[in-house]
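I opened this model to look up a few things about its fold and some of its side chains. My notes are below, in the order I made them.

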Amino acid sequence: MIKLKGYVRKSNQGKSLVESDNKFYIVRGDFPPEDEIEFDEETSLPMPSFAFGLACLIEDDLDKTLDFIQNKWFKN
């Protein structure tokens with residue numbers, strides 16, 4: 001298990017957006033903004049950008065939303 005440390009940027013609905021080494025992750029749990037936390041890389045969800053991470057925080061069903069994106073966007 002790889003442990004990362006990062007700073008909480010925003011929390012919502014039991015999820016937090018954390019920045020670690022200029023990369024963004026969604027982790028389970030509500031943490032106060034700007035707190036430094038340690039989390040498992042394996043159980044976190046890497047985000048391609050800060051903006052994408054913020055959008056994921058407000059989704060009620062993140063799995064469904066990510067499946068929609070994968071199945072509908074950029075199909076050739």
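Entry 1: I am working with a predicted model. I began with the strand order. I find 5 strands in an open sheet, running β4-β1-β2-β3-β5. The pairing is antiparallel. From one strand to the next, the twist averages 45°.

Entry 2: I then looked at β1 and β2. How many bridges join them? I count 5 bridges, in the antiparallel sense. I also looked up Y7: its bridge partner in β2 is E19. Next I checked how α1 sits on the sheet. Helix α1 packs on it and touches β1, β2, β3 and β5. The direction of α1 makes about 165° with that of β2.

**Entry 3: helix α1.** Which residues of α1 (residues 50-57) are buried? I get G53, C56 and L57. Seen down the axis of α1, the buried residues fall within an arc of 105°, so they line one face of the helix. I recall the general rule here: an α-helix has 3.6 residues a turn, so residues three or four places apart point the same way. I then asked what the buried residues of α1 pack against. The list is β1 (3-12), β2, β3 (23-28), β5 (45-47) and α2 (62-72).

**Entry 4: F52.** I stayed in helix α1 for F52. Is F52 buried or partly exposed? Its relative accessibility is 23%, so F52 counts as partly exposed; the cut-off for buried is under 20%. Leaving out residues up to four places away in sequence, F52 touches M47, L66 and I69. I also took one distance. F52 and E42 are 10 residues apart along the chain, and 19 Å separates their C-alpha atoms.

**Entry 5: K15.** Last, I went to K15, in strand β2 (residues 15-20). I wanted to know which side chain of opposite charge is nearest to K15. It is D60, 6.5 Å away. K15 is buried yet has no salt bridge. For a salt bridge I need a side-chain nitrogen within 4 Å of a carboxyl oxygen. I then listed the contacts of K15, leaving aside neighbours within four places in sequence. They are K10, I26, V27, G29, D30, C56, L57, E59 and L62. Two names in that list, C56 and L57, I had already noted as buried in α1.

Definitions and conventions. Residues numbered from 1 in each chain as written. Predicted model: local features only at pLDDT ≥ 70, side-chain atom pairs only at ≥ 80, totals over all residues. Heavy atoms only, no water. Helix = DSSP H or I, 4+ residues; strand = E, 2+ residues; numbered from the N terminus. Buried < 20%, exposed > 50% of the residue type's maximum accessible area, 1.4 Å probe, protein only. Lys, Arg positive; Asp, Glu negative; His and termini not counted. Contact = heavy atoms within 4.5 Å. Arc of directions from axis to C-beta. Pairing = 2+ DSSP bridges. Axes fitted to C-alpha atoms, helices over the stretch in contact; angles between N-to-C directions.
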